[in-house]
Amino acid sequence: MRESELYFLSNLQGPVAAVLNASHNGIMILDREGTVVFYNAAASRIFEGNPVAIVGQHFSTVRPEAWPELQHVLATGQPQIGHKLSLPGATIIVNRSPIIIGGSVVGAISVFQDISEYESIISKLQGYQTLHRELEAIFESSEDGLYIADGHATTIQVNNAYERITGLSRKNLIGKNLNDLVAAGVFDYSATLAVLQDRKQSSMLQNLKSGKQIMVTGTPVFNDAGDIELVVTNVRDITELNHLRVELEDSRQLSSRYYQSILEQEGMEQMLKDMVVKSKEMQHVVHRAVKVAASDISVLLSGESGTGKTMLARAIHQMSKRKERPFVKINCGTIPESLIESELFGYEKGAFTGASKEGKAGLIEAAHGGTLFLDEIGELKLALQVKLLEVIEEKSFTRVGGAKIIKVDVRIIAATHRNLQEMMKLGQFREDLFYRLNVVPINIPSLRERREDIPPLIYKFMEEYNQRHNTNKWFSPVALNRLQSFHYPGNVRQLLNILEQLTVMSDKETIDLEDLPMEISTLPLVSPPGLDGVQNLKGALEALEKKMIENALKLHPTELAAAKSLGIHTTTLWRKASKHSLK
């Protein structure tokens, strides 16, 4: 060992060692071979090592992960400054420097400081700074004006929205007392001063020099001693609010119209689907029904028997706001005359011989809150028409044999196949009742007046009957043509009865001409439109083929079903449809 090294090591004892041990920073000294020759108390505290056991050990056995870096310092004489180490319980900064005597590296000194506490303080400070920036961003991004004053009414801060709304600049407000601002006429009243006086939230309208009127609300912020520390005032331009209110009202009206249109469209689509409506005549009927369904006004349905008046009345009820309430149907033509009054209006106990001891509520009472459907209203006798008029006009009636007035809320839909206006002329129907019922008249055309609806009706109900009776039956083209040709005096009801009868009674899957009722099977075939002008057999056959394929494609949802109804293969149907330019 050289003299310089002996001198260096000998000076690490006594007073020098005491000075190094007094340092708050950890200090470790190595000789040029890497052996630990000094390890102070702070180093022992930071690294939790015993200095007695560590001194004399080679550093590679003390902290093997750090030895390559210190070895580099000893070999090159180059220091490492500000090296950061993260330990399980602390974060330290290490400065490693060579000890040079006489131009030679005789050792190295490592000085390290625990900066965990500083990092915690810095982290908290950064957190406060971030919170301050966030609060300031929120304060400035508010659409409402914000005005903050201290407990002595001195202005502390205003945000951008306040400047925009009031036209006042913050540089002319911050630091100014509200008493002085009111005295100068900047404000006519101050919510802040009202809050400081009453010690509670205060709202008021405030007029500015600019002519604007604003709504201000001052809110006190109390400290732990119960004194008002701050007053936060929220400001909103009444002009903007009024403008928004008008826009909102316009938007609501527009939305309401759009919503009503959507409801009508949905109702139209649903009714077109449920009622199998294809003809323009029935589409017009359904459109009127959808429009009237949203209101509570009376509806009078007219048309021949079997046209679907009951179905339409029920559909109107289902689309109305009363759909969750009862739908009560009363057929005025089927109830005996002696019973109809008691059935409609009910009776009190002992009202007549055979009456129930408890009395009985009538059908009108049972329809309370819902819809009352009076089918065949033309059959109602004049005496009962007067009572029904009372129900419509006064929304009240009395039971048979009673005096108590019963209030009832019902929506009236009436139906008839008779000419009520002719009956009025003959004195058989009250004029006042007619006009009460005929607020919205809807006439349902007969099936023969809307033949376009016959094919889809046949398809829909044959599908239903096949499913109901577990069959798979359909019509030959000739049978289908005859069904479409029939005039159906009983309308839709008659058609459905015929279809169900054929589904049950025919022996084959294909229902042919001989299976049809006599009055239908003996009808002549219907010539397709445009066939009359054809001069030769080939042209007539072509026109008939085109029309039959066109009808089949319209009638059936798939090409397979259309081909089956025509008795041909799908490929043949596709080829023939292409030949006739049919999609």
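Me: How many helices and strands does the secondary structure of the chain come to?
Reply: Helices (H or I, at least four residues) and strands (E, at least two) are DSSP runs, numbered from the N terminus, and in this chain they come to 25 helices and 21 strands. This is a predicted model, in which local features need pLDDT of at least 70 and side-chain atom pairs count only at pLDDT 80 or more, while totals for chains, interfaces and linings use all residues. Residues are numbered from 1 along each chain as its sequence is written, and side-chain values use heavy atoms, with hydrogens and water left out.

Me: What share of the 583 residues of the chain counts as buried?
Reply: Buried means under 20% relative accessible area, exposed over 50%, and partly exposed in between, with a 1.4 Å probe and protein chains only; by that reading, 40% of the 583 residues are buried.

Me: Which residues of helix 14 are buried, and what covers them?
Reply: In helix 14, residues 337-345, the buried ones are Ile 340, Ser 342, Leu 344 and Phe 345. Their cover, judged by contact (heavy atoms within 4.5 Å), includes strand 12 (327-331), strand 13 (346-347), helix 15 (363-366), helix 16 (382-394) and strand 16 (396-398).

Me: Why does Ser 342 count as buried?
Reply: Ser 342 counts as buried because its relative accessibility is 8%. A polar atom of the Ser 342 side chain also lies 2.9 Å from the backbone oxygen of Leu 339.

Me: Which residue follows helix 14?
Reply: Helix 14 is followed by Gly 346, whose phi is positive, near 80°.

Terms used. Polar contact = N/O pair within 3.5 Å; in protein donor to acceptor, adjacent residues only side chain to side chain.
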